Amino acid sequence: MSMLHIVNKSPFERNALDACLRLAKSGSSLLLIEDAVYAAMKGTTVSDKVAAAMKDMKVYVLGADLKARGVGEEKLMEGIDVVDYAGFVDLVAEHDNNQSWL
Amino acid sequence: MKFTILVNEGPYQHQASDTAYQFTKAALEKGHEIFRVFFYNDGVNNATRLSVPPQDDRNITQNWTELAEKHGLDLVVCIAAAQRRGILDEDEMKRQGKDAHNLAPGFRISGLGQLIEGGIQSDRLVVFGD
Amino acid sequence: MSDVKKFLYVNRKAPYGTIYALESLEVVLIGAAFEQDVSLAFVDDGVFQLMKGQDTSEVGMKNFSPTYSALGDYDVNKIYVEKESLEARGLTVDDLMDLKYEDEDDDWAEKDSIRVVTAEEMKAIMDEQDVILSF
């Protein structure tokens, strides 16, 4: 069963991303939205953790939330795909199930 | 695909309702069906008719009302959560002996069973919260 | 009659500081009437919801912890608690409420509803669900 994990809180504020990465099965996908988009940035104290996760998870980030927060795509880690709301919908539809980590 | 959307936070305080709205809009544009949008926890506060947000920013309640009207959406507000937070329709006002009701157009008040039914009947249930 | 779906309620927040623990439980109770395959997961601060000895007399809030004991009567008896979350908080299963259910497939023998599972086991449990609700 393919799972899309959705995280919406900043990894510097909450442990939702930590919990997600601990409990997400290999081969699942992660979508970062709202304040969680900061987790996609390079050079942060969580970058290594996210990079390690990317070895067995596909990571996506919602472009609208990056833009709102002034996070330019040049600040993102390699290998993270930026999606729009239509892409968000596609991800939910394409994965058998989804789980929001609040 | 048939979606049920769960909104757990009120307007403005959290981005949840905005994100849920944008997601719902995008899903409709792609031709998907929205089985139900269910408002729980502080999410019931999206259904107040009485908010007067600043003119230069989005009107979240109105966004939902207009989207519901345009697409025939079923926007359901949980009765238990609504009672706690003072969101009433006319029936509830009479039943609870209150002097006013404030439910915005396009929303209806019902039980948590509507959320479970949404989970059972839909292909996907997406949760937007804090 | 539609196929039975596997519903998982994920609880990651402590009780009383916010309403999520209480209102999540209310969904579980109402949802029980729909005869789906229900499980509860307690992870991170969610494990605190199950601590025994909650006394809310001085905070002026309703003590809703007794409600967890009723879950067995509602056929909700798969209560998964993450071991790592307990340990991180210095807790063991002995700090938690004694939640029981009567197994109709075993001559109504009384059994423990709480199953302490490792993160790996929790991962597998989450992966097999059809609908996941978080608050």
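## About the model

This is a predicted model, in which local features need pLDDT of at least 70 and side-chain atom pairs count only at pLDDT 80 or more, while totals for chains, interfaces and linings use all residues. Residues are numbered from 1 along each chain as its sequence is written, and chains are lettered from A and ligands numbered from 1 in the order in which they are written.

## Chain B: overall form

Chain B has five helices and five strands, where helices (H or I, at least four residues) and strands (E, at least two) are DSSP runs numbered from the N terminus. From the N terminus on, these elements follow the order β-α-β-α-β-α-α-β-α-β.

For 130 residues, a compact globule would have a radius of gyration near 14 Å, and the 14 Å of chain B agrees with this; the radius is taken over C-alpha atoms, and the globule rule is 2.2 Å times the number of residues to the power 0.38. Along the principal axes, the C-alpha atoms of chain B fill a box of roughly 45 × 40 × 30 Å. Of the 130 residues in chain B, 51% are buried, a residue being buried if 20 or more other C-beta atoms lie within 10 Å of its own, exposed if 12 or fewer, and partly exposed in between, with C-beta atoms placed from the backbone.

## Chain B: the sheet and a loop residue

The five strands of an open sheet in chain B stand in the order β4-β3-β2-β1-β5, with parallel pairing; two strands pair if DSSP finds at least two bridges between them. At the edges are β4 (107-110) and β5 (124-128) of chain B, each of which has a single partner strand, so one side of each is left without a neighbour in the sheet. From one strand to the next, the twist averages 25 degrees, with axes being lines fitted to C-alpha atoms, for helices over the stretch in contact, and angles running from 0 to 180 degrees between N-to-C directions.

Within this sheet, strand β1 (residues 2-7) of chain B runs parallel to strand β2 (residues 33-39) of chain B, and six bridges join them; B:T4 has B:R36 as its bridge partner in β2(B). Helix α5 (residues 113-121) of chain B packs on the sheet, where it touches β1, β2, β3 (75-78), β4 and β5 of chain B, and its direction makes about 150 degrees with that of β2(B). In the loop between β2 and α2 (60-71) of chain B lies B:N41, a residue other than glycine whose phi has a positive value, near 50 degrees. B:N41 is buried, with 25 other C-beta atoms within 10 Å.

## Chain C

The secondary structure of chain C comes to four helices and seven strands, which read along the sequence as β-α-β-α-β-α-β-β-β-α-β.

In the loop between β1 (6-11) and α1 (20-31) of chain C lies C:Y16, a residue other than glycine with a positive phi near 75 degrees. With 18 C-beta neighbours inside 10 Å, C:Y16 counts as partly exposed.

## Chain A: an enclosed strand

All five residues of strand β1 (residues 3-7) of chain A are buried, so this strand is largely enclosed by the rest of the structure. Both of its faces are covered, with A:M3, A:H5 and A:V7 on one side and A:L4 and A:I6 on the other. β1(A) pairs in the parallel sense with β5(A) over five bridges, and A:L4 has A:N98 as its bridge partner in β5(A). β1(A) also pairs in the parallel sense with strand β2 (residues 29-32) of chain A, over four bridges, and there A:V7 has A:L32 as its bridge partner.

## Where chains A and C meet

Twelve residues of chain A are in contact with 14 residues of chain C. On the side of chain A that touches chain C, α1 (16-23) and β5 (97-101) of chain A each supply at least two residues, and β5(A) gives the most, with four.

Methods: Contact = placed C-beta atoms within 7 Å.
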